[in-house]
Amino acid sequence: MATTNLALRPAVSAPTSKTPAYNYAAMMAELLPHSNELESQEETHNTWTIEDWGSLQKKELGKPFQCGSGSWQILLYPQGNNVDKVSIYFQRYIDTSLPLKDWHACIQFALVLWDPKNPSKYVSHAAAHRFNADEPDWGFTRFCERKKESTALEGANSPFLGTDGVKITAYVRVIKDPSGLLWHNFNKYDSKSVTGMVGMKNLGATDYLSCVIQNLYHIALFRKTIYQAPTAIVEPTDKAWALQRVFCSLQKESSAVSPAKLTDSFGWRAMQLFEPQDAQEFLTLLLDSVAERLKITPCRDAFKNLFTIKSRTNYSCVKVACKWFMEEESMHIRLNVRKCRTLIDSFKDYTSSELIKNYMTGGIVGEQDVTRHTSFDHLPSVLPIYLNRVEFDIKANVLRKLTDYHEFPEEIDMSKYLSDETDRSELWNYILFGVVVHASGRSNAHYYTFIRPKPEGHFYKFDDDRVTLATMKEAMNDNFGVSDTKTQAPIKVLEPYYTANKYQEKTATMLIYIRKSEANIILADVLQSDIPERIHPSPFTPQQQDNLMELYSSSLIKEGAEAINAQKKELKAHSTAGSDMSIRLFSVNDFHNYRGFDLMPSASSDSKPASPLSYDRIPENMLVQALITTVTSDLNIPGKDIRIWPFITRQNGTIRPIGPPLDPQITMGNAKKMHYPRLTREIQLWVESDGCLYGSRDNPNSSLVFLKYFDIIKQEITGYCPIYITPDDKPNDLSPTICKVMEWESSTPISYFEEIKPTLIEKMDGKKTMKLLEIGTGDIICFQRSLTSTDRLPEGTAYDNARDFYSSGLMG
């Protein structure tokens with residue numbers, strides 16, 4: 001049964017004039033307020049009258065009722081579902097005589113338990129859920145207190161104050177799901193099978209890179225141009241070679257693709273992969289590199305036609321008869337957002353006439369007042385537009401993001417911005433192809449992109465390794481920015497906790513338009529046969545290099561032979577290079593004995609490995625399962641079902657595990673490429689056994705978190721154990737288990753601290769959920785026994801809390 005132990009909406013407090021439970025319309029409006037962000041398909045309410053509460057069985061079902069395209073009913077546990085509370089759920093009524101496959105329904109619902117003789121006495125909870133075959137029911141395990149033996153013992157608002165008769169009303173609203181993905185938890189989601197496309201793996205903070213590559217890949221004519229570029233079989237520093245391999249993988253693979261070959265071509269090391277960068281700057285860098293690379297190849301003209309913008313800046317003196325102009329080529333247009341409410345306003349600002357006082361014309365006419373305006377002599381097939389959404393704050397001496405409202409159209413006529421000399425025999429209309437979005441919250445930021453692969457098709461959202469169908473509103477309107485019009489505060493949308501929007505500010509930072517008259521050619525299908533044989537990933541020998549020239553046309557041979565032959569020595573070196581690696585393994589035993597920051601030392605000392613278990617010369621073709629088998633026999637750790645987790649160095653310099661665990665069926669070489677693309681030989685891994693103090697590793701929503709213990713008496717912090725937490729868990733939920741294991745009194749107060757990095761230790765609010773505290777896989781929580789006013793510490797005890805001890809410099 002898919003249920004939640006906590007209400008997603010607290011019980012309604014008692015106002016001065018409480019809405020009576022029989023006023024169904026008012027209760028619906030109060031419990032399930034409408035929001036402009038969601039469109040309702042149908043809504044209703046249904047009341048179940050229970051004449052004698054005491055005669056109910058352990059489990060009871062209300063009568064089915066219709067709403068939307070399905071039937072629904074209330075599920076009641078009057079004595080609680082394994083808890084000492086009344087448990088009430090809402091579920092889809094399944095008619096077993098009818099086949100049901102792959103159904104889902106997005107529902108907002110509220111349940112009200114009330115006293116019909118005193119309708120102001122009730123308890124209500126509301127939630128939202130995506131019901132499906134795997135999760136056909138949802139509700140509240142701890143809905144309210146159970147009925148007491150006497151009405152004198154009931155609370156002031158208890159629905160059990162009257163006779164044994166009560167009523168349960170279900171308020172239901174079915175929400176339209178135009179994309180088919182509303183409130184999806186993506187536990188079993190497969191991008192390839194749903195959309196026919198795959199995402200890209202985030203190697204740390206490479207979301208900006210994924211956005212750029214996905215847009216370029218789906219410009220089919222650019223992909224074909226890159227495929228045709230003459231390259232060697234192996235040339236890791238060649239951007240064209242790297243793009244060919246990444247594009248080929250995006251076209252052929254069935255799961256998310258790693259951009260490691262492209263980051264390798266830039267020479268980036270591990271730390272650079274965790275440095276956030278600007279998507280606009282990266283696109284400029286990449287296109288400049290590709291343009292330089294293709295200059296001596298037959299592909300240069302196709303590339304130039306796709307991206308080259310020719311602009312003209314016209315100057316005219318105010319007081320003397322003198323005019324001149326300057327021409328410039330670029331591959332993007334940068335437009336202002338500040339004081340421009342629409343993209344049209346931005347182009348008007350860009351091309352409008354500007355008066356410049358005392359302009360130095362050089363040797364032409366000396367210093368003069370001149371007017372200046374910009375127009376375009378030529379616009380390319382693909383038009384990237386950079387929106388200037390940063391502004392320098394002089395007072396704070398920092399760059400700040402501009403969230404100003406800025407509307408952009410689905411189609412734009414660019415003819416009005418062309419110079420008089422430009423050919424207008426064909427229309428210069430451009431249609432929106434891609435939108436790169438920068439989303440930011442209180443403590444994080446992220447890039448994702450929307451792309452329309454076909455001129456008349458749908459937009460899709462590309463968010464790292466996930467590709468989903470998107471609505472026009474999601475691709476456009478949601479990314480216009482913050483409106484400056486004064487409106488009432490928006491109604492808080494009732495939605496599942498796991499879909500809560502962690503990004504408050506979503507703004508388009510880059511737009512890509514494609515000329516409408518050429519769109520069908522530019523976005524034509526790229527077939528498997530369009531991929532040259534030399535690009536297909538396959539085993540090779542150095543001798544194959546000698547036959548490579550046969551794969552090119554005579555024109556390619558003429559202009560590309562020099563680039564190909566230059567790689568022969570490196571190719572032979574590559575084919576004979578060593579293919580083994582060293583591994584350092586860390587387990588719970590190492591964690592127990594560790595006294596420092598993180599889970600392990602950042603480096604070994606005295607030439608001895610920091611881990612008691614390490615392996616040298618592990619072959620890259622060794623399966624992860626073989627390593628697991630070896631480790632099981634070599635490590636004396638509890639549990640049998642071992643899983644191996646990769647470590648990463650986070651942006652703040654800490655070393656933590658990252659999920660998911662390594663697939664036992666992949667090779668160690670592939671594992672290294674996925675998680676350690678920058679490291680040449682040694683990698684570090686966490687060994688996890690099936691024993692666990694708290695939580696379950698089988699829960700798909702669980703995160704692997706590590707507990708440390710601060711012993712106030714001994715004045716030391718030691719590793720304690722790994723645990724599994726869910727987004728709904730709170731630090732205080734750990735206290736009963738910790739008290740039991742530590743043999744403390746069950747009422748012992750416990751304080752919790754998060755070890756973020758050596759210079760940042762924060763005390764945690766024990767009543768907040770792990771989701772609100774942003775606790776996830778690899779995070780470290782340190783607990784200690786809280787001191788009371790009556791506690792006396794031994795003389796000489798320097799630190800009474802973990803945060804001060806962390807800051808003392810006494811950590812091992």
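Modeller: Gladly, and please keep in mind that this is a predicted model. Let us begin with helix α1, whose buried residues are covered by elements including β1 (40–50), β6 (104–115), β7 (118–132) and β9 (166–175).

Colleague: Which residues of α1 are the buried ones?

Modeller: Helix α1 spans residues 24–31, and its buried residues are M27, M28 and L31. Looking down the axis of α1, these buried residues fall within an arc of 100°, so they line one face of the helix.

Colleague: Why would residues a few places apart point the same way?

Modeller: An α-helix has 3.6 residues a turn, so residues three or four places apart point the same way.

Colleague: Changing topic, at what angle do the axes of α4 and α9 cross?

Modeller: The axes of α4 (residues 220–228) and α9 (residues 300–307) come within 10 Å and cross at roughly 155°, and the two helices are therefore roughly antiparallel to each other. The crossing of α4 and α9 is left-handed.

Colleague: And which residues make the contact?

Modeller: From α4 they are L221, F222 and T225, while α9 contributes A302, F303, L306 and F307. Sorted by class, the contact of α4 with α9 has six nonpolar residues, one polar residue and no charged ones.

Colleague: Zooming out, how many helices and strands does the chain have?

Modeller: The protein chain has 19 helices and 33 strands, and of its 812 residues 49% count as buried. Among contacts in the chain with a separation of 6 or more, 69% are accounted for by residues 24 or more positions apart.

Note on methods: Residues numbered from 1 in each chain as written. Predicted model: local features only at pLDDT ≥ 70, side-chain atom pairs only at ≥ 80, totals over all residues. Heavy atoms only, no water. Buried < 20%, exposed > 50% of the residue type's maximum accessible area, 1.4 Å probe, protein only. Helix = DSSP H or I, 4+ residues; strand = E, 2+ residues; numbered from the N terminus. Arc of directions from axis to C-beta. Contact = heavy atoms within 4.5 Å. Axes fitted to C-alpha atoms, helices over the stretch in contact; angles between N-to-C directions. Parallel < 35°, antiparallel > 145°, perpendicular 65-115°, else oblique. Left-handed = near helix turned anticlockwise from the far one by under 90°. Nonpolar A, V, L, I, M, F, W, Y, C, P; charged D, E, K, R; others polar.
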